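Please walk me through the aromatic rings of this structure, with the criteria spelled out along the way.

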Amino acid sequence: MAKTKKIRLAMPSWEIGRVGSGFGAKAGGLGSVIQELPEELVKAASARDIRLEIEILTPCFGHYDRSKLDLDPLPVKVNLDKNVFDFSVYRRAVDENISIVYFWDDKQLGWTNNQSLYPEDPEMGFKLYATVSQAMAGYIKRNRFNSVHGHDYHVGIIPFYLGREYLQKIPFHLTIHNATYQGIFAAGHDGPAEIDRIGLPGNELYDRYFNLNNSINFLRATVLFTHETGGKITTVSGDLQASWGYASELLMNHDDVIARALELNPEKKPGEVFVPNCGLDAFQETGVLGITNGLASFNRAENIPELQAQVLREIKKAQGGRNLFNNSSVEKILLQKDHNFTPAKLKTKEELKKLLHMELFNSEPDGDLVILSAVGRLVSQKNFEIIASTAERILKSFPSVKYAILATPPGGDRNAQGLRNEFKRLSKSYPESFFYGDEFSQPLSRLILAGSDFALIPSRFEPCGLVDYEACALGTIVIGRKTGGLSKVECCSYLYEWLDIGDRYGEEEAFYRVIEEAVNTKLLTPARHNKLARSAMTLDSGWEKSASLYIDLYLYGLLLRAWHSRKNTILKQVDRYAEALFEKYPFFPDFYRINSEDLLEKRMEQAVSKQIK
């Protein structure tokens, strides 16, 4: 195949990371991925003599200073409730290959800020995601792109606004980062009329694409339409064959999950299971490809900025000189000397463990010590409840174990508030063994991950998992539930598999047993533990393979369109050849019979059948 000199890629996403620039937003893993992926794609393309130019398309949130962005003189038109209005378009260059394009309308986005990126009201979300998708599609159509790569349902209905004629030439692919978020909105008494409101033909599209259980489902619509128009559906862990990870799980229906739960525990029928695709059966029709997220090299222990004294001093200066750590000795030591390390220098990790103990418990550790950590959000997905419910049993069984929990509850979540109160109770009841913090601090979170022995990740579901990669890169061994992307660290971690979420006691027992195994290994055979830690640190968690697969995906989309554009010409040549053949050799059809899936052979067979008739 001849070398492709240049590919121009549009990459729509609601979050893009890059928060430090003042023109980026991040609420979860999506932002982290879009912060790292474009640069990695450019490198992967360059290694194959392809110049990749990427324009990241994203909403212009209300807290951005638009006066510092370049305004496109030509706005894009949007249709909502039969009213046509303009979205302004702004631009900011990242480098010569990557730029970010922002879409702004005061009525649609004026309420947003760095803490509020997603509307809580479904009606507002329905209109907002549709209008932003329209604006992005309008921009894409007036610019020369070779491919479009959308991320999650918020921008998923872009292909409907691009239209079939456009998609015959320019492929649209969709990556699903979390299928529990599907964009579900009430259809009311007239679903097609609701689709009409957002500038699409409801009678034509509602039943085939948007309707699921009499509700509008954006993810279902885009999955089906992307597949129909020759694009691919990918997700963030697994392989192209969907043999493992989240790609495999999205293909499982309720009966499949029940069957697997019975395999794990044949003596008891599961009371309740979690189905990763949340009942969206479209994946069985379209298929899913797994391309596992990677981790940028700056997250590795030898490179990580938050273990470098100069970086910490700069962070402290940026926040007005306020201390980064509560313990003055820890502050002094970390701001005086770098603490990066490699698999061959695990002694530095032990020093960080000592500093972590001083920071959390205000004392130096005495004797053998095992620190279990958990860093994340107090949301139901993370299943931190099981950490709380097993902690006292662990502490009583293993006096040398201590907990380091840093987890922030989202506003308005009563369950999360209750879990925070339980963690606070544990911290008060076991002040020398259980630390809980609910205010996120990047330097502290890095110290916790680097200084602890194990990272607790008992997630109910985990499409990819980045914290497991982050922990492994720091030699901190994962103790977690085998689900989704967490399977990728199975070779250097302690995982339990449990699907019956109705049996809370059974899962607590499974979680306890795997912690027991890990702690005993650390205490009784430390050499074996250190070997596992080194294996975790050398795990291939980079972006190189994944970025190369995405380049394959983009090339596939272009090659498929090239084949479609030439297919009719080739098939007509087959027809003409067959006519001439039959005229000269009329006996040929009587002998020609095939059993082949080859398209040209099938075309010849059709011609033969026609001749016989």
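**Aromatic pairs and charges over rings**

The count comes to 24 aromatic pairs, where rings of Phe, Tyr and Trp (its six-membered ring) pair if their centres lie within 6.5 Å, and where planes under 30 degrees apart count as stacked, over 60 as edge-to-face and the rest as tilted. One of these pairs is formed by F185 and F218, which are edge-to-face with 5.0 Å from centre to centre and 65 degrees between the planes. This pair links distant parts of the chain, 33 residues apart, since F185 lies in strand β9 (residues 184–186) and F218 in helix α8 (residues 218–228); helices (H or I, at least four residues) and strands (E, at least two) are DSSP runs, numbered from the N terminus.

The model is predicted, so local features need pLDDT of at least 70 and side-chain atom pairs count only at pLDDT 80 or more, whereas totals for chains, interfaces and linings use all residues. Residues are numbered from 1 along each chain as its sequence is written, and side-chain values use heavy atoms, with hydrogens and water left out.

Both F185 and F218 are buried, a term that means under 20% relative accessible area, with exposed being over 50% and partly exposed in between (1.4 Å probe, protein chains only). F218 also pairs with F210, and because their ring centres are 6.0 Å apart and their planes stand at 75 degrees, this pair is edge-to-face. F210 counts as buried because its relative accessibility is 0%.

Elsewhere, W14, F23, F61, Y64, Y102, Y118, Y129 and Y153 form one aromatic cluster. The charged end of R393 sits over the ring of Y512, 3.6 Å from its centre, and that of R8 sits over the ring of F145 at 4.6 Å from its centre; the criterion is that NZ of Lys or CZ of Arg is within 6 Å of the ring centre and within 35 degrees of the ring normal.
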